[in-house]
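The following paragraphs lead the reader through one structure, beginning with a single pair of residues and widening to the whole chain. Please keep the sequence and the model in view while reading.

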Amino acid sequence: YLMEWTGERVVTDLRRMIYRHLHSLGLGFFADQRTGEITSRLTNDVSKVQSAVTSDLAETLRLVLTLVGSVALMLALNWRLSLVIFAVVPPVALAMRSFGLVVRTLSRSIQDRLADTTAVAEEAISAVRVVKAFAREPYEVGRYSDAVEELFGVAKRRAWIVSAFWSGVGLAFSVALVTIFWFGGREVIAGRLTAGALVAFIFYALNIARSVAGAGRLYL
């Protein structure tokens with residue numbers, strides 16, 4: 001309840017501040033901006049903030065606690081075996097940062113394209129009498145179709161990049177898990193690790209993989 005209340009409160013205040021700021025701008029700004037695009041900023045863009053301060057914030061806290069706890073327990077069980085998973089996490093984090101810049105650029109482009117589609121629809125609907133009077137329905141439908149196709153194109157590119165990245169991350173963690181099974185098995189045979197500790201270690205390694213993946217999805 002508190003998380004939802006906070007999200008709704010932030011969105012309400014943000015919309016009020018944006019709307020007040022709009023009325024403080026000069027006529028030159030409105031001459032260069034379409035009404036539908038401004039409306040999209042007040043609705044679609046602000047809604048993204050609501051998600052960030054509610055579910056995303058709670059999920060981030062959970063992932064951080066899980067990651068820190070799993071790392072501490074892995075080190076306590078077997079520090080040598082911990083090096084396997086630690087060899088994967090830093091490169092993934094660095095790659096995630098680079099991909100994050102690309103994905104965020106595409107995400108901003110998606111929001112811009114969404115604003116364009118809203119503006120096109122708003123212009124046609126607000127002037128529907130003129131559109132019908134001049135039989136311009138096919139033209140307006142085509143204009144809107146072009147706008148949503150541009151939106152789809154950017155969204156498709158973003159989906160492809162994100163999917164390719166997570167496929168690579170999944171492969172890296174799979175290789176790490178296989179290495180843990182191999183090296184951990186040798187540790188058990190050598191008597192430096194019990195079979196139960198190896199099972200627990202694998203469980204913690206999976207927790208770290210899920211935490212990194214979850215944090216990455218929030219970041220991207």
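Arg62 and Glu59 lie 3 residues apart in helix α4 (residues 55–77), so about one helical turn separates them. Helices (H or I, at least four residues) and strands (E, at least two) are DSSP runs, numbered from the N terminus. The side chains of Arg62 and Glu59 form a salt bridge with an N to O distance of 2.6 Å; the term denotes a side-chain nitrogen of Lys or Arg within 4 Å of a carboxyl oxygen of Asp or Glu. Arg62 is partly exposed at 44% relative accessibility, and Glu59 is likewise partly exposed, with a relative accessible area of 28%. In these terms, buried means under 20% relative accessible area, exposed means over 50%, and partly exposed lies in between (1.4 Å probe, protein chains only).

Two remarks on the basis of these values are in order. The model is predicted, so local features need pLDDT of at least 70 and side-chain atom pairs count only at pLDDT 80 or more, while totals for chains, interfaces and linings use all residues. Residues are numbered from 1 along each chain as its sequence is written, and side-chain values use heavy atoms, with hydrogens and water left out.

The protein as a whole contains 9 helices and 0 strands. Its radius of gyration, taken over C-alpha atoms, is 25 Å, well over the 17 Å that the globule rule gives for 220 residues, so the protein is more spread out than a compact globule. The globule rule is 2.2 Å times the number of residues to the power 0.38. Along the principal axes, the C-alpha atoms fill a box of roughly 85 × 35 × 30 Å. Of the 220 residues, 29% are buried. The accessible surface comes to about 13600 Å², and carbon and sulfur atoms account for 67% of this surface; accessible areas come from the Shrake-Rupley method with a 1.4 Å probe, and for residues only the protein chains shown count as cover. Among contacts with a separation of 6 or more, 83% are between residues 24 or more positions apart, where contact means heavy atoms within 4.5 Å.

Helix α1 (residues 2–24) includes Leu2. Leu2 is exposed, with a relative accessible area of 63%. Together with Tyr1 and Trp5, Leu2 makes a nonpolar surface patch of about 460 Å². Patches are made of residues with over 30% relative accessible area and no salt bridge; like charges are joined within 9 Å, and nonpolar side chains (Val, Leu, Ile, Met, Phe, Trp, Tyr) within 5 Å.

Further along helix α1, Asp13 and Arg16 are 3 residues apart, which places them about one helical turn from each other. Their side chains meet in a salt bridge of 3.1 Å, N to O, and Arg9, Asp13 and Arg16 are linked in a network of salt bridges. Asp13 is partly exposed at 27% relative accessibility, and Arg16 is partly exposed at 42%. Val10, also found in helix α1, is partly exposed at 29% relative accessibility. The C-alpha atoms of Val10 and Thr54 are separated by 9.9 Å, although the two residues are 44 residues apart along the chain.

How many salt bridges does the count come to by this rule? The count comes to 10. One of them joins the side chains of Glu187 and Arg192, at 2.9 Å, N to O. Glu187 belongs to helix α8 (residues 137–189) and is buried, with a relative accessible area of 1%. Leaving aside neighbours within four places in sequence, Glu187 is in contact with Asn78, Arg80, Arg192 and Leu193.

Asp45, in helix α3 (residues 35–53), touches Ser40 and Gln111, not counting residues up to four places away in sequence. Asn207, in helix α9 (residues 195–219), is buried, with a relative accessible area of 14%.

The last stop is the loop between α7 (128–133) and α8, where Ala135 is placed. Ala135 has a positive phi of about 55° although it is not a glycine. At 52% relative accessibility, Ala135 counts as exposed.
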